[in-house]
Amino acid sequence: MLNFQHLEKSKIKEYESYYSDPNAVGLEYNFVSAYLWSREYDIKVAFYDDTMIKAYFRDNGSVWGYCLPSGKNVKGAVDAVFADAKEKNERACFGYLSQKERDALEALCPERFVFERSDTTQDYIYFSDDLAYLAGKKYHSKRNHISKFFRTFGNTEVKSIAPENIGDAMTVVELWCEENGIDRESYAENFVIREALDNLIEFAMRGIILYVERKPVAMTLGSEISPVCFDVNFEKALTAYDGSYAVINNEFAKRLTAYTYINREEDLGLEGLRKSKLSYHPAIIYDRYDGVAKW
């Protein structure tokens, strides 16, 4: 049986070495994000012949989905996954597969899987210049929304997140919870964002805070996937300040134009979030698949 262990903060660089791709755009390459969410989603890793296998576990200890192994011996690691599932009296299920990973698994195990596209976990990926400059007719309403915000609210300021203003970023999260009737003490993302901010420098994360009359009203924070793609991990804004989401999105993108792409992650199957993400005209909708073994 494979020996799965929780992700360790001190080993993030080691994990990343198994997924090295200078042109990566998908979230499967971001181990800062994987580590931050590893407790909430019970993400663990095991190793087989210098090959890493990531998996998502259920509360009862069963495996919800293995990820496609990455490293020296992918075929051997896939066989080890089959053996691990058999020992657990389960059918091997591979989850969160990109199209490229699905194709690779199908080539390794022809006709052995039934694949189904997930409609909740695809990544929405944009050209950074599109989000930064909002050029052209298709972004007309976004430009108007941002202009209205700056006409409505005076004394606005945008600051990069740094150790000295982490408290302001958390204030936005707390006010957002309050605005949405969420108990922040039981809200998992509240603690995930706190850990991300506490490790801001160590994780090489970047973010900004939007202020109105010196009050923090929006924050966003992210991490690099590769030299060509940046991942926006978190974004919170107070809807009482109409347009704050559009502004924080645009202002952060202006600071990320060294990257070709910005990954704004999945829509979680939420219709409102899906509409919002589509309204920014993604360059890529990065599909995900689940594959269940036939035997």
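Visitor: Which residue forms a salt bridge with Asp123, and how far apart are the closest N and O atoms?
Guide: Asp123 pairs with Arg288, and their closest N and O atoms are 2.9 Å apart. The pair joins distant parts of the chain. Asp123 sits in strand 7, Arg288 in strand 13, and 165 residues separate them. Keep in mind that this is a predicted model.

Visitor: Are Asp123 and Arg288 buried or exposed?
Guide: Buried means under 20% relative accessible area. Both Asp123 and Arg288 are buried.

Visitor: Which residues are linked with Asp123 in a network of salt bridges?
Guide: Glu28 and Arg288. Together with Asp123 they form a salt-bridge network.

Visitor: How many salt bridges does a search of the whole structure find?
Guide: The search finds 18. Let us read two more of them.

Visitor: Which residue forms a salt bridge with Asp242?
Guide: Lys148 does, with the closest N and O atoms 3.9 Å apart. Asp242 lies in the loop between strand 11 and helix 9, and Lys148 in helix 6 (residues 140-152), so the bridge ties together parts that are 94 residues apart in sequence.

Visitor: Why does Asp242 count as partly exposed?
Guide: Partly exposed is the class between buried, under 20%, and exposed, over 50%. Asp242 counts as partly exposed because its relative accessibility is 38%. Lys148 has a relative accessible area of 42%, so it is partly exposed too.

Visitor: Where do Glu271 and Arg274 lie?
Guide: Both are in helix 10, three residues apart, which is about one turn of the helix. Glu271 and Arg274 form a salt bridge, with 3.7 Å between the closest N and O atoms. Glu271 is partly exposed, at 48% relative accessibility.

Visitor: Which residues make the nonpolar surface patch of about 260 Å²?
Guide: Patch members need over 30% relative accessible area and no salt bridge. Here Leu268, Leu270 and Leu273 make the patch. Leu273 belongs to helix 10 (residues 271-279). Its relative accessibility is 31%, so Leu273 counts as partly exposed.

Visitor: Now the helices. How many residues has helix 7, and what span does it reach?
Guide: Compare the end-to-end reach with the span expected at 1.5 Å a residue. Helix 7 (residues 166-179) has 14 residues and reaches 20 Å from first C-alpha to last, close to the expected 20 Å.

Visitor: Which residues of helix 7 are buried?
Guide: Ile166, Ala169, Met170, Val172, Val173, Trp176 and Cys177. Look down the axis of helix 7: these buried residues fall within an arc of 145 degrees, so they line one face of the helix.

Visitor: What is the reach of helix 3 from its first C-alpha to its last?
Guide: Helix 3 (residues 74-87) reaches 20 Å with its 14 residues, close to the 20 Å expected. Its buried residues are Gly76, Ala77, Val78, Ala80, Val81, Phe82, Asp84 and Ala85. Among the elements that cover them are strand 3 (51-57), strand 6 (93-98), helix 4 (99-108) and strand 13 (284-293). Just after helix 3, Asn89 has a positive phi of about 60 degrees.

Visitor: Is Lys75 buried or partly exposed?
Guide: Lys75 is found in helix 3. Lys75 is partly exposed, with a relative accessible area of 36%. From Lys75 to Lys44 is 20 Å, C-alpha to C-alpha, across 31 residues of sequence.

How values were computed. Residues are numbered from 1 along each chain as its sequence is written. This is a predicted model: local features need pLDDT of at least 70, side-chain atom pairs count only at pLDDT 80 or more; totals for chains, interfaces and linings use all residues. Side-chain values use heavy atoms; hydrogens and water are left out. Helices (H or I, at least four residues) and strands (E, at least two) are DSSP runs, numbered from the N terminus. The expected span of a helix is 1.5 Å times one less than its number of residues. Buried means under 20% relative accessible area, exposed over 50%, partly exposed in between (1.4 Å probe, protein chains only). The arc is that of the directions from the helix axis to the C-beta atoms. Patches are made of residues with over 30% relative accessible area and no salt bridge: like charges are joined within 9 Å, nonpolar side chains (Val, Leu, Ile, Met, Phe, Trp, Tyr) within 5 Å. Accessible areas come from the Shrake-Rupley method with a 1.4 Å probe; for residues, only the protein chains shown count as cover. A salt bridge is a side-chain nitrogen of Lys or Arg within 4 Å of a carboxyl oxygen of Asp or Glu. Contact means heavy atoms within 4.5 Å.
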